[in-house]
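Open your viewer and get ready to click along.

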Amino acid sequence: MNPQTTKRYDCVGIGLSPYDFTVQVERHPETNSKNVALRHHGQGGGPVPNAIAVLARLECRTALVTTMGDDIYAEQVYQELDSYGINLKGFRRDGKRRSLQAHIIVEQDSGNRTVILNSDDLPEIRPDQAPDSLLAETKLVVIDSRPSPGILTMAEEAKRHGAEVLMDAGSVQKHTEDALHLVDYPILSSRFVKDYFGHSNMERACREIREFGGTIAGITMGDEGSYLANEDAMLYFPAFDIEPVDTTGAGDVYHGGLMYGILSGWPLKAIGQFASAVAAICCMHLGVRRHLPDLEEIKEFMLEHGVEKHPVLQEQIDIFGNADTPDE
């Protein structure tokens with residue numbers, strides 16, 4: 001267990017919760033064509049909820065602050081997240097809007113995906129919907145790359161109570177730079193790097209990200225792996241060799257694994273190996289949350305792929321000393 005805290009929550013997520021409609025097709029559809037899905041299903045999605053779901057699956061104490069419409073999609077997402085044991089006291093239903101939806105087309109052979117959101121009119125996540133205890137009693141907060149002023153206000157409040165903040169930055173948005181100056185763990189996509197820094201040199205970008213003052217900076221690059229850097233080292237982690245089924249949300253679950261390693265107090269190499277393993281396992285299934293691995297499955301995967309000297313493989317007890325998920 002990381003000796004720095006005895007907080008009630010390991011992580012609170014603050015971010016958007018779309019409902020994902022996923023269809024797998026043989027190849028990406030041509031214009032004016034008609035196609036039949038090989039497989040399809042619907043479930044909750046979103047960078048922050050996906051990362052929180054990973055942590056909950058790994059028996060961390062988690063909570064989510066999000067807003068959806070007051071409709072059947074919100075109810076399905078709520079029930080799904082509740083089944084993981086996530087505290088949902090910060091889950092707000094806005095009766096004046098429809099829930100955000102993501103329509104995802106996945107190619108069978110490559111696992112590559114195309115995502116289409118049903119709207120750019122994003123629901124408001126307000127500071128007053130988060131119970132005070134969530135922000136005061138958490139070790140970590142995770143936000144996504146659409147940090148509204150309200151979300152930043154909540155992240156700042158959590159920091160005042162001693163929490164650290166991780167940002168999953170997939171793309172450059174209006175308030176992204178404000179967030180970069182705030183977060184302790186800025187984890188950026190390669191797309192973000194190219195758009196924000198104007199180049200594709202990932203090692204250079206890691207150094208530039210570190211200049212914002214974060215503890216660990218990271219860059220995710222899909223099947224090309226990832227970089228993590230702290231004050232002592234910069235490490236490259238190749239992606240595990242798998243046959244991908246669906247790469248949707250690979251970065252989301254990577255961040256969940258990353259936060260588990262941070263909470264565990266592991267060294268940088270162990271954090272990156274674990275996060276990469278979680279992402280790889282999820283890419284072997286259709287739908288981000290269709291199959292979230294437990295700790296034993298992750299251990300088995302790491303051993304099968306040559307990772308033998310890792311702190312998680314020596315853990316015989318619950319490293320967080322968790323009690324039951326606290327109620328509000």
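Start with Cys282: its sulfur lies 7.2 Å from the closest cysteine sulfur, in Cys283, too far for a bond. A disulfide here is a pair of cysteine sulfur atoms within 2.5 Å, and by this rule the count comes to 0 disulfides. A word on the model: it is predicted, so local features need pLDDT of at least 70 and side-chain atom pairs pLDDT 80 or more, while totals for chains, interfaces and linings use all residues. Residues are numbered from 1 along each chain as its sequence is written, and side-chain values use heavy atoms, leaving out hydrogens and water.

Are these two cysteines buried or exposed? Cys282 is buried at 5% relative accessibility, and Cys283 is buried at 9%. (Buried means under 20% relative accessible area, with a 1.4 Å probe and protein chains only.)

Next, select helix H9 (residues 268-283) and helix H10 (residues 295-304), which pack at about 100° with axes 10 Å apart. Helices are DSSP runs of H or I, at least four residues, numbered from the N terminus; axes are lines fitted to C-alpha atoms over the stretch in contact, with angles from 0 to 180 degrees between N-to-C directions. H9 is therefore roughly perpendicular to H10 (65 to 115 degrees).

Finally, show the largest nonpolar core, with 58 residues; Phe274 and Ile298 are among those with the most contacts inside it. Such a core joins buried Ala, Val, Leu, Ile, Met, Phe, Trp, Tyr and Cys residues through side-chain atoms within 4.5 Å. H9 supplies its largest share, 12 residues.

How values were computed: Buried < 20%, exposed > 50% of the residue type's maximum accessible area, 1.4 Å probe, protein only. Helix = DSSP H or I, 4+ residues; strand = E, 2+ residues; numbered from the N terminus. Parallel < 35°, antiparallel > 145°, perpendicular 65-115°, else oblique.
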